[in-house]
Amino acid sequence: MIEFVRGEVAYVCAEFVTIEVGGIGYKIVAPNPFFYRTGDEQVIVYTYHYVREDQEVLFGFRSRRERALFTKLLGVTGIGPKGALAIVASGNVDALVEAIEQEKESYLIKFPGVGKKTAKQMTLDLKGKLAELAPDYVPSEGLFAQSNAELNEACEALTALGYSDREVEKVKKALQAEVLSTDQYVKRALQLLLNVR
């Protein structure tokens with residue numbers, strides 16, 4: 001909805017920062033509000049508009065990378081916006097991704113509100129899904145990133161041919177380890193599907 005806010009820092013406190021844009025003050029909850037200083041001109045805050053029945057909050061981050069990590073953490077069972085914000089506040093995306101990829105629960109439980117159960121859930125839900133945040137720590141994704149677009153195009157083609165989402169997902173998993181062109185993926189997928197049928 002609101003991708004970012006660019007303006008002057010009007011107010012800073014322990015929980016949020018107010019950015020003034022064209023005479024309007026946006027209250028933005030940030031991981032480290034004191035990163036911003038009152039009077040700073042033309043700062044950019046990358047935002048995430050969080051809406052639930054009982055609350056509506058605009059969260060803000062220094063980079064799109066921080067925001068992406070926050071949204072990934074929101075998808076983990078047992079982690080809410082407050083917990084996700086505390087984790088992002090650590091400021092070390094690479095270390096967090098490395099801990100998740102290597103299942104270092106001893107590192108993850110250092111964050112506020114993260115116990116052994118939540119740490120395990122983080123590795124279950126996020127391992128292998130953070131390539132765009134720190135590709136150095138997700139080698140499998142890095143190797144096949146080039147083929148992902150082709151594989152996705154092939155899956156769209158299969159859906160257009162009338163195959164169900166379930167069938168397409170099954171062959172997609174089988175083909176993820178191969179680096180092929182879109183046409184080659186479609187041919188291999190059809191061979192697999194015909195054998196399955």
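User: Which residue of β2 stands opposite Val-12?

Analyst: Val-12 stands opposite Val-17 in β2. Bear in mind that this is a predicted model.

User: How many bridges join β1 to β2, and which way do they run?

Analyst: Four bridges join them, and the two strands run antiparallel. β2 covers residues 16-21. β1 and β2 make a hairpin, with three residues between them.

User: Which strand does β1 pair with over four bridges, at residues 43-52?

Analyst: That is β4, again in the antiparallel sense. β1 itself spans residues 4-12. Within this pairing, Arg-6 is the residue opposite Ile-44 of β4.

User: Where does Asp-40 lie?

Analyst: Asp-40 is in the loop between β3, residues 24-29, and β4.

User: Which residues is Asp-40 in contact with, leaving aside neighbours within four places in sequence?

Analyst: Gly-7, Glu-8 and Val-9. β1 is residues 4-12, so those contacts can be read alongside the strand pairing, with contact meaning heavy atoms within 4.5 Å.

User: What is the relative accessible area of Asp-40?

Analyst: It is 26%, so Asp-40 counts as partly exposed.

User: How are Asp-40 and Leu-151 separated?

Analyst: Their C-alpha atoms are 45 Å apart, and the two lie 111 residues apart along the chain.

User: Stepping back, how many helices and strands are in the protein chain?

Analyst: Eight helices and five strands. From the N terminus the order is β-β-β-β-β-α-α-α-α-α-α-α-α. The radius of gyration is 21 Å, well over the 16 Å that the globule rule gives for 197 residues, so the chain is more spread out than a compact globule.

User: What box do the C-alpha atoms fill?

Analyst: Roughly 65 × 40 × 35 Å along the principal axes.

User: What share of the 197 residues counts as buried?

Analyst: 38% of them. The accessible surface of the chain is about 11700 Å², and carbon and sulfur atoms hold 50% of that. For contacts with a separation of 6 or more, 51% come from residues 24 or more positions apart.

User: And the charges, how far apart are their mean positions?

Analyst: 6 Å, taking the 24 positive and 27 negative charges of the chain.

User: Change of topic: how many of the nine residues of α3 are buried?

Analyst: Seven, so α3 is largely enclosed by the rest of the structure. The buried residues are Val-93, Ala-95, Leu-96, Val-97, Ala-99, Ile-100 and Glu-101.

User: What do the buried residues of α3 pack against?

Analyst: Four helices are listed: α1 (64-74), α2 (81-88), α4 and α5.

User: What happens just after α3?

Analyst: Glu-103 takes a positive phi of about 55° there. Glu-103 is a residue other than glycine with a positive phi value. Glu-103 sits in the loop between α3 (93-101) and α4 (105-108).

User: How exposed is Glu-103?

Analyst: Partly exposed, with a relative accessible area of 41%.

User: Which residues does Thr-123 contact, leaving aside neighbours within four places in sequence?

Analyst: Ile-100, Glu-103 and Leu-108. Thr-123 belongs to helix α5, residues 116-126.

User: Is Thr-123 buried or exposed?

Analyst: Buried, at 7% relative accessibility. The cut-off for buried is under 20% relative accessible area.

Technical notes: Residues numbered from 1 in each chain as written. Predicted model: local features only at pLDDT ≥ 70, side-chain atom pairs only at ≥ 80, totals over all residues. Heavy atoms only, no water. Rg over C-alpha atoms; globule rule 2.2 N^0.38 Å. Buried < 20%, exposed > 50% of the residue type's maximum accessible area, 1.4 Å probe, protein only. Areas by Shrake-Rupley, 256 points an atom, 1.4 Å probe, with all protein chains shown as cover. Lys, Arg positive; Asp, Glu negative; His and termini not counted. Charge placed at Lys NZ, Arg CZ, Asp CG, Glu CD. Pairing = 2+ DSSP bridges.
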